[in-house]
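Biologist: I would like to learn how to read ring contacts and strand pairing in a model. Where do we begin?
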Amino acid sequence: MNCEGWWEQPGFGRQTMSDLRLRYDNGLVQGLGRDVVGAFQIHGFVNATTTSLIKRYKDAHEVAYYGSCDGEGTFFGHWSIFRLGGKWLIKIRSADGQSSEIYNI
């Protein structure tokens with residue numbers, strides 16, 4: 001699925017996630033994207049009320065993303081790493097024929 005998203009950090013503002021592609025299968029989510037920090041893989045789960053994702057940057061750190069979903073393709077919540085954190089949002093733009101692929105970075 002093609003998606004768009006962002007995360008916010010106090011002092012740095014809103015940062016866009018680009019080339020964001022997710023695969024969803026029975027509540028499990030995996031995908032990849034890129035942002036100002038670099039290329040990342042993302043994985044976790046989504047159900048009717050909860051979203052729990054881990055974003056792992058290539059050869060670097062991980063960031064935890066927790067939140068909710070609106071049932072219409074928008075996921076949102078709070079991210080955290082160490083003592084830092086902020087808001088985030090991911091919205092599904094479209095499903096495509098390639099959404100079942102597994103992506104590697």
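Modeller: Begin with charges over rings. A charge sits over a ring if NZ of Lys or CZ of Arg is within 6 Å of the ring centre and within 35 degrees of the ring normal. This is a predicted model. Here Arg-14 lies over the face of Trp-6, 3.6 Å from the ring centre.

Biologist: Over which ring does the charged end of Lys-55 sit?

Modeller: Over the ring of Phe-40, at 4.6 Å from its centre.

Biologist: What is the bridge partner of Arg-14?

Modeller: Glu-8. Strands β1 (residues 2-9) and β2 (residues 13-25) pair in the antiparallel sense, over seven bridges. They form a hairpin with three residues between them. In that turn, Gly-11 has a positive phi of about 90°.

Biologist: How does β2 pair with β3?

Modeller: In the antiparallel sense, over six bridges. Ser-18 has Arg-34 in β3 as its bridge partner. Two residues lie between the strands of this hairpin, and Asn-26 in the turn has a positive phi of about 50°.

Biologist: How do I read a pair of aromatic rings?

Modeller: Use the distance of the centres and the angle of the planes. This structure holds three aromatic pairs. One of them joins Trp-7 and Trp-79 edge-to-face, 5.8 Å centre to centre with 80° between the planes. Trp-7 is in β1 and Trp-79 in β7, 72 residues apart.

Biologist: Is Trp-7 buried or exposed?

Modeller: Buried, at 7% relative accessibility. Trp-79 is buried too, at 4%.

Biologist: Why is the pair of Tyr-65 and Trp-88 edge-to-face?

Modeller: Because their planes are at 70°, with the centres 5.3 Å apart; over 60 counts as edge-to-face. Tyr-65 lies in β6 and Trp-88 in β8, so the pair ties together parts 23 residues apart in sequence.

Key
Residues are numbered from 1 along each chain as its sequence is written. This is a predicted model: local features need pLDDT of at least 70, side-chain atom pairs count only at pLDDT 80 or more; totals for chains, interfaces and linings use all residues. Side-chain values use heavy atoms; hydrogens and water are left out. Two strands pair if DSSP finds at least two bridges between them. Helices (H or I, at least four residues) and strands (E, at least two) are DSSP runs, numbered from the N terminus. Rings of Phe, Tyr and Trp (its six-membered ring) pair if their centres lie within 6.5 Å; planes under 30 degrees apart count as stacked, over 60 as edge-to-face and the rest as tilted. Buried means under 20% relative accessible area, exposed over 50%, partly exposed in between (1.4 Å probe, protein chains only).
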